[in-house]
Amino acid sequence: MQSLIIPTPDDWHLHLRDGAMLRTTVPASAAVFNRAVIMPNLVPPVTTVKAALDYRSRIMDEVPHGVSFNPVMALYLTAETTPEQVAEAAANEHIIGFKLYPSGATTNSTAGVKSVDALEPVLAAMQEHRVPLLVHGEVTDSDIDIFDRERVFIERHLIPITERFPNLKLVLEHITTADAVAFVKNANSNVAATMTPQHLLMNRNDLLVGGVKPHNYCLPILKRRSHQQVLQEAALSGNPKFFLGTDSAPHVQASKETACGCAGCYSAPAAIELYAEFFSQHNALDKLANFASGYGADFYQLPRNSETIELVKQQWTVAETVDTANGPMVPYWAGMGLNWRLNR
């Protein structure tokens, strides 16, 4: 096979940041994806419909002329979120759901939720209005090992939530463990998960062996190989509960290569090619179209894209750096080769 044509994919988990950074991040994702769920962890966080629409307008200002790109916005769930705000979000076509960040779990999450139990009235409203809950699934207790945070969050919070609100649409984002795969598989049809390229292609050896690799550092952190293998099996299985969400997260080089480097992999410059690399490695390129372009739209009850993209079999090397108005960024997979390339 020398080329592959698939429906235009969607990115169901994307960070673009704000301000001058948008001039770099928006064109990179708009060149590949038709829709993208835009994460709300700005400073200050995007907590209202108005703030989300204003942010969306700034994003649209950076979409290249003639390019079709539809950012759908997630709102930041906080202790102050009300059932009335849920109803307002449900009525707006540009809002896709609410993002639950446990306080302190990842970048710009200090405004996040400290008590999941206190969310019950809001979750009830989300279930009533069919507004999806998008979850960063990690506890942040200091006594819980960082490699166990996803498992504990599932046991402590997600299983009770799905039992209490069986009709709530819930996406466990960027899953990293066999525990998460089992939870999603065993849950009802309202539960799904997104998968990143880094968690499919790498494990914690790629972060730690031979020295810490700051540009492979993300949260949830890369896990052991046995977990990676279970994730791979789920992605390759054709189970519609598992679909693409890059979690592409731009940070300038100076913020990553420092004594306290920030978490996030900026995969946007090679996003679809990275997934193609994974499926190709497992002789399963026939599974890419549904994973990248079908299952997510189906879960969110949106039409599948009718336009297409073409991937060609061509060896190339991901750039060492990407220039931005805020300084250079080192993309995920920088300086490494890939075997498939988007025909632009």
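Two strands count as paired if DSSP finds at least two bridges between them. Helices (H or I, at least four residues) and strands (E, at least two) are DSSP runs, numbered from the N terminus. The model shown is predicted: local features need pLDDT of at least 70, side-chain atom pairs count only at pLDDT 80 or more, and totals for chains, interfaces and linings use all residues. Residues are numbered from 1 along each chain as its sequence is written, and side-chain values use heavy atoms, with hydrogens and water left out.

**View A. Strand β5 and its two parallel neighbours.**
Strand β4 (residues 70–76) pairs with β5 in the parallel sense over four bridges. Within this pairing, F98 of β5 is the bridge partner of L75. β5 also runs parallel to strand β6 (residues 133–135), joined by three bridges, and here L100 stands opposite V135. Strand β5 itself spans residues 95–100, and six of its six residues are buried (under 20% relative accessible area; exposed is over 50% and partly exposed lies in between, with a 1.4 Å probe and protein chains only). Together with helix α3 (residues 83–90), β4 and β5 make a right-handed β-α-β unit. Right-handed means that, with the strands pointing away from the viewer, the path from the first strand over the helix to the second runs clockwise.

**View B. Helix α4 and the residue that follows.**
Helix α4 covers residues 120–129, and V122, L123, A125, M126 and Q127 are buried in it. The elements that cover these buried residues include α3, β5, β6 and α5 (149–164), where contact means heavy atoms within 4.5 Å. Just after α4 comes R130, with a positive phi of about 60°. R130 belongs to the loop between α4 and β6 and is partly exposed, with a relative accessible area of 37%.

**View C. The antiparallel strands β1, β10 and β11.**
Strand β1 (residues 3–7) pairs with strand β10 (residues 308–317) in the antiparallel sense, over five bridges. L4 faces L311 of β10 across this pairing. β10 is joined to strand β11 (residues 337–342) by five bridges, again antiparallel, with W316 opposite L338.

**View D. The largest nonpolar core.**
A nonpolar core is a set of buried Ala, Val, Leu, Ile, Met, Phe, Trp, Tyr and Cys residues joined through side-chain atoms within 4.5 Å. The largest one has 95 residues, of which I272 and L288 touch the most other members. Helix α11 (residues 271–281) gives the most to this core, with seven residues. Leaving aside residues up to four places away in sequence, L288 touches L4, I6, I272, Y275, A276, F279, S293 and L311. A second, separate core of 16 residues includes M39, L134, A297 and Y300.

Rings of Phe, Tyr and Trp (its six-membered ring) pair if their centres lie within 6.5 Å; planes under 30 degrees apart count as stacked, over 60 as edge-to-face and the rest as tilted. By this rule there are eight aromatic pairs. One of them is F278 with F279, edge-to-face at 5.0 Å centre to centre and 70° between the planes; both F278 and F279 are buried. Ring pairs also link W12, F243, F299 and Y300 into a cluster. A charge sits over a ring if NZ of Lys or CZ of Arg is within 6 Å of the ring centre and within 35 degrees of the ring normal. R164 lies over the face of F165, 4.9 Å from the ring centre, and the charged end of R204 sits over the ring of F147, 4.7 Å from its centre.

M202 lies in the loop between α7 (197–201) and α8 (205–208) and is buried, with a relative accessible area of 6%. Residues up to four places away in sequence not counted, M202 touches N216, L222, Q228, Y332 and W333. M202 and R224 are 22 residues apart in sequence and 9.1 Å apart in space, C-alpha to C-alpha. H227 is placed in helix α9 (residues 225–236) and is buried, at 18% relative accessible area.

**View G. Backbone features in loops.**
V43 and P44 are joined by a cis peptide bond, with omega about -5°, and P44 lies in the loop between β3 (35–38) and α2 (49–60). The peptide bond from L219 to P220 is also cis, with omega near 0°; P220 is in the loop between α8 and α9. R17 is not a glycine, yet has a positive phi of about 65°.
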